[in-house]
Each structure stands twice: as structure tokens, then as C-alpha cells.
Amino acid sequence: PFDLLMFTMFLGGLGVGVAAPAANNACIEMMPEKVAMIAGLRGMFRQLGGALSITIITLVLESYSNLAQGFVVVMIATGIMCFLVIPAIYIMPASPKVKPALN
């Protein structure tokens, strides 16, 4: 069903849109002296991930004769990958080690 697919894509886009600024701020907070490098690396990996995912999704969809079945496989694989990445959240440090100011 097209409506279900659109709703799922909307929720995914909304989640990424809400999480991206927080992730940017968290990275910059960790090393504020390297803001340009962090912004460049994040942008590069965002573009690379977009290009690779579009390529892989297109290859998967082309391998199925029924396009709807191909989309089901793509969505399930995306959900599984998102679930498998959750432990990486707990590896990230909460904040940089801040040295107390000397009076």
C-alpha cells in the first residue's frame, strides 16, 4: 500500500531531521577546536551514505520482478540495520572531560 509506504518514509525522514542537529551539536561539543573538520567529515559521510544507499536500493529493487516485494525487503533490511546500530549509541561518550577552572 502506497499510503503505508509514504507514512513510513515520513516517519523516517522526521526522525533523521530531528536527530541530525543534535548529533551535529554533540560532535562539535566533543572537539570544539575542530569544528571545520567535523562538519566536513559529517557532510562527506552523509553524501557518501546517500549515494551508496540509493545505489544499493536500486540494485535490490531491480532484482525483484514484483516492485512491492522489493520495497518490503528494502524496508525490513533498513529496520534491521537501524536496530543493529543501537548499541553504538552507548559507545559515544556523554561529554568531553572538562578540567575545572583554577581560581
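At 51% relative accessibility, phenylalanine 45 counts as exposed, where exposed means over 50% relative accessible area, buried under 20% and partly exposed in between (1.4 Å probe, protein chains only). Phenylalanine 45 sits in helix 2, residues 35-62. The model is predicted, so local features need pLDDT of at least 70 and side-chain atom pairs count only at pLDDT 80 or more, while totals for chains, interfaces and linings use all residues. Residues are numbered from 1 along each chain as its sequence is written, and side-chain values use heavy atoms, with hydrogens and water left out.

The chain has three helices and zero strands, in the order α-α-α from the N terminus. Helices (H or I, at least four residues) and strands (E, at least two) are DSSP runs, numbered from the N terminus. Mean pLDDT, the predictor's confidence in each residue from 0 to 100, is 84 for the chain, and 89% of the residues score at least 70. Confidence is highest in helix 2, at a mean of 91, and lowest in helix 1 (residues 2-30), at 82.

Phe45 also belongs to a nonpolar surface patch of about 740 Å², together with Met31, Met37, Leu41, Met44, Leu48, Leu52 and Ile56. Patches are made of residues with over 30% relative accessible area and no salt bridge; like charges are joined within 9 Å, and nonpolar side chains (Val, Leu, Ile, Met, Phe, Trp, Tyr) within 5 Å. A salt bridge is a side-chain nitrogen of Lys or Arg within 4 Å of a carboxyl oxygen of Asp or Glu.

For the chain as a whole, 4% of the 103 residues count as buried.

Alanine 26 lies in helix 1 and, at 37% relative accessibility, counts as partly exposed. Its C-alpha is 9.7 Å from that of methionine 92, 66 residues away in sequence.

Helix 3 (residues 67-85) has 19 residues and spans 27 Å from its first C-alpha to its last, close to the 27 Å expected at 1.5 Å a residue. The expected span is 1.5 Å times one less than the number of residues.

Technical notes. Areas by Shrake-Rupley, 256 points an atom, 1.4 Å probe, with all protein chains shown as cover.
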